[in-house]
Amino acid sequence: NVTLNRAEQLVDAGTAAMLVLVAPIFVVALAAVFLNERATPNLLRGGAFAFAGVAVIGFATGSRSASLWGVLLCLVAALASAIGVVRFRHRTGTPNA
């Protein structure tokens, strides 16, 4: 993904990882809206724990200063990935895992 490649030139690796790993949260939200999938409490809890782990790593390794443009590009890359997953699920009828 060209967007992510450019973003990683502007932010450190920990920050990029933390931001890109919001993609599963985007997938849950998009699947709920477009595929009428139900976001179960366990799914939401698991996503929160996973993101918290990534955040701990990101804060431990990050430089505490990130380019706003780099942050936005990371989020765009995560959203693009989530859209791709939801479109694939819709086309193939793949059930929620």
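A residue is called buried here under 20% relative accessible area, exposed over 50%, and partly exposed in between, with a 1.4 Å probe and protein chains only. Asparagine 36 has a relative accessible area of 68% and is therefore exposed.

The model is predicted, so local features need pLDDT of at least 70 and side-chain atom pairs count only at pLDDT 80 or more, while totals for chains, interfaces and linings use all residues. Residues are numbered from 1 along each chain as its sequence is written, and side-chain values use heavy atoms, with hydrogens and water left out.

**Overall make-up**

The chain has five helices and zero strands, in the order α-α-α-α-α along the sequence. Helices (H or I, at least four residues) and strands (E, at least two) are DSSP runs, numbered from the N terminus. Of the 97 residues, 28% count as buried. Contact means heavy atoms within 4.5 Å. Among contacts between residues at least 6 apart in sequence, 88% join residues at least 24 apart.

**Nonpolar cores**

A nonpolar core is a set of buried Ala, Val, Leu, Ile, Met, Phe, Trp, Tyr and Cys residues joined through side-chain atoms within 4.5 Å. The largest one has eight residues: Leu4, Ala7, Val11, Ala16, Leu19, Leu73, Cys74 and Ala77. At least two residues of this core come from each of helix 1 (2-10), helix 2 (13-20) and helix 5 (68-92). Helix 5 gives the most, with three residues. A second, separate core has five residues, including Val27, Leu30, Ala31 and Ala82.

Valine 11 belongs to the largest core. Apart from neighbours within four places in sequence, valine 11 is in contact with Ala16, Ala66, Ser67, Gly70, Val71 and Cys74.

**Helix packing**

Two packed helices are described by the angle between their axes and the distance between the axes. Axes are lines fitted to C-alpha atoms, for helices over the stretch in contact, and angles run from 0 to 180 degrees between N-to-C directions.

| Pair | Angle | Axis distance |
|---|---|---|
| Helix 1 and helix 5 | about 150 degrees | 8 Å |
| Helix 2 and helix 5 | roughly 40 degrees | within 8 Å |

Angles under 35 degrees count as roughly parallel, over 145 as roughly antiparallel, 65 to 115 as roughly perpendicular and the rest as oblique. Helix 1 is therefore roughly antiparallel to helix 5. A crossing is left-handed if the near helix is turned anticlockwise from the far one by less than a right angle, and right-handed if clockwise. Helix 1 and helix 5 cross in the left-handed sense, whereas the crossing of helix 2 and helix 5 is right-handed.

On the helix 1 side, Thr3, Leu4, Arg6, Ala7 and Leu10 meet Trp69, Gly70, Leu73, Cys74, Val76 and Ala77 of helix 5. These residues divide into eight nonpolar, two polar and one charged. Ala, Val, Leu, Ile, Met, Phe, Trp, Tyr, Cys and Pro count as nonpolar, Asp, Glu, Lys and Arg as charged, and the others, Gly among them, as polar.

From helix 2, Ala16, Leu19 and Val20 meet Val71, Cys74, Leu75 and Ala78 in helix 5. The division for this contact is seven nonpolar, no polar and no charged.

Asparagine 36 sits in the loop between helix 3 (23-34) and helix 4. Its phi is near 55 degrees, a positive value in a residue other than glycine. Most residues other than glycine have a negative phi.

Leucine 44 lies in helix 4 (residues 41-61) and counts as partly exposed because its relative accessibility is 48%. Leaving aside neighbours within four places in sequence, leucine 44 is in contact with Val28 and Ala39. Valine 28 is 16 residues from leucine 44 in sequence and 8.4 Å from it in space, C-alpha to C-alpha.
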